[in-house]
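I set down here, in order, what I looked up in this structure. The entries are brief.

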Number of protein chains: 2
Amino acid sequence: MAIITLGTMAFDAIETPFGKIDKIVGGSATYVAYAASHLTNPVQQISIVGNDFPEEEMNELKSRGVDLSGVEVVPDQKSFFWSGKYHLDMNSRDTLVTDLNVLANFNPKVPEQYQDAKYLMLGNLMPSLQLSVIEQLRTRPELVVLDTMNFWMETAMADLKKVLQKVDVLLINDSEARQLSGEYSIVKSAKSILKMGPRFLIIKKGEHGALLFHQNEVFFAPALPLEEVFDPTGAGDAFAGGFIGHIDHTKNISFENMKTAIIVGSAMASFCVEAFGPQRLKEISRKDIELRLEEFVQLVNFDISLV
Amino acid sequence: MAIITLGTMAFDAIETPFGKIDKIVGGSATYVAYAASHLTNPVQQISIVGNDFPEEEMNELKSRGVDLSGVEVVPDQKSFFWSGKYHLDMNSRDTLVTDLNVLANFNPKVPEQYQDAKYLMLGNLMPSLQLSVIEQLRTRPELVVLDTMNFWMETAMADLKKVLQKVDVLLINDSEARQLSGEYSIVKSAKSILKMGPRFLIIKKGEHGALLFHQNEVFFAPALPLEEVFDPTGAGDAFAGGFIGHIDHTKNISFENMKTAIIVGSAMASFCVEAFGPQRLKEISRKDIELRLEEFVQLVNFDISLV
């Protein structure tokens, strides 16, 4: 039993108020895999790269229990490339360049040995490709998690609404929740989105934490107050990887355990933003993760019996 | 032993996306008193009103244990009047009218029977008046809490910096923390402000909750996700009233107990925004408060032993 993850494996060029990097490995599936593989394995990757994706990166992922047999390598093309510049508040950014390259003709194929996966993490990608992976699986996974973004709401809303009907958990940020629902209030947005298909909705609010909605219940996960957010790229994917990694590690999809999974996801996101690219996700140890989780416990711990 | 509260008692005219009201009782001290008196008494009020402030409002406050002997009534003038219009996001507003009236010549005097107060809540008001009250007290209260706003940073920064050196707890919102410190990062802002005098700093983030900073510790209090914020006026004052009311009720100024006090303050703020003016703070019962506190416990409760 395992997790299947679908998403991009790519190169990014990133500029933040703290620095600039011309080329670093990125992509939603890369971040998900690095985060999830701290918690469980195998992580069964579905993605596409060109002839330029580094051999050592592939080996690094394999050494962490990431199965790359679902990653197509196109010999005569380049990997997807994205370039962006963050504003001072780090919550907004301008996309400078998007070179689809191999992504233009990506047609994800689920390898036979992935068929029994218990959990499916659909990373941020065209909704039609996310749907294709769901449809290729002969047995529906116990939990299907979907990450998406405003870009797909603007360019592929019909496909997105179709795939929403087939997932259990949706991960989006607060402005995307407003866009998808047409409601300004986050609580009203959540109620509206929970009627579109997903049973669980996670609304990410960056430095303000995340909310989990399910039926009439709500959980508020804090974000760790950080002195500096060095590079937010991939934080949402690291969150997703931590979330699904914890779910697979514990094999428990209750609301209670999803709360813990969100804290694990938040911890992974808090590491991710400390350096450019997935660097910190590669460096951290089990001990680092445990200490970080303890920080989250302390952060929100209070004694109401004092009232 | 008691709390002294300093602040305005006033009339407001309020417009929000949900409605409009031409004249309703308001003022920072009014909200603080209504919130705090649910938790403790007496609340020893210092304020000023004109000949138009309703007798029945005074009686209502008195019946809740609010001592009004420090409230000056000016027979030939009107009470302070503020009028504002909230934007759709409810986090920003335009001030339409500010008629100082009695406030123009306010010179707060601490009545003799207030001299032994254990706690001092300096509600949002001119920093020079806040300082005057501190200086009139012969014995320094065990805890001095200061609320202020961006307006005083723009018009009376020198006075504000003077009073900051004499307080224990500062309450401000996130944009005010940035303005006061000149730092964009909230964590850096906090470090900088904790060098200006206060030992404790509470940064309110509206719907995103509040942060408490003390030495190297930090606590994150959630805000209750609400379907509708009907009228945010006075929410910050209700928070302050709940905070200081809990401190006086428990007579405990430890960091641990301040966390709980912030949750109590957040609960009071969550009631306050449900209707125009202090209406909801008048209506709620002890049972309502207990149920709301339990909602806060559930909201952030997670089990990290599952990791």
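Which residue of chain A comes closest to the rotation axis? I found A:H208, with its C-alpha at 2.9 Å.

I noted that this is a predicted model, in which local features need pLDDT of at least 70, side-chain atom pairs count only at pLDDT 80 or more, and totals for chains, interfaces and linings use all residues. Residues are numbered from 1 along each chain as its sequence is written, chains are lettered from A and ligands numbered from 1 in the order in which they are written, and side-chain values use heavy atoms, with hydrogens and water left out.

Entry on the two copies. I looked up how chain A is laid on chain B: a turn of 180 degrees and a shift of 0.0 Å along the axis give an RMSD of 0.0 Å (least squares on the C-alpha atoms of residues with pLDDT of at least 70 in both). The two copies are thus related as by a two-fold rotation axis. Of the contact residues of chain A, 100% recur in chain B, and the same surface serves both copies (contact means heavy atoms within 4.5 Å).

In chain B, strand β6 (residues 80-86) and strand β7 (residues 93-99) run antiparallel and are joined by six bridges (strands are DSSP runs of E, at least two residues, numbered from the N terminus; two strands pair if DSSP finds at least two bridges between them). I saw that B:K85 stands opposite B:D94 in β7(B). Six residues lie between the strands of this hairpin, and B:M90 takes a positive phi near 65 degrees.

Technical notes:
Helices (H or I, at least four residues) and strands (E, at least two) are DSSP runs, numbered from the N terminus.
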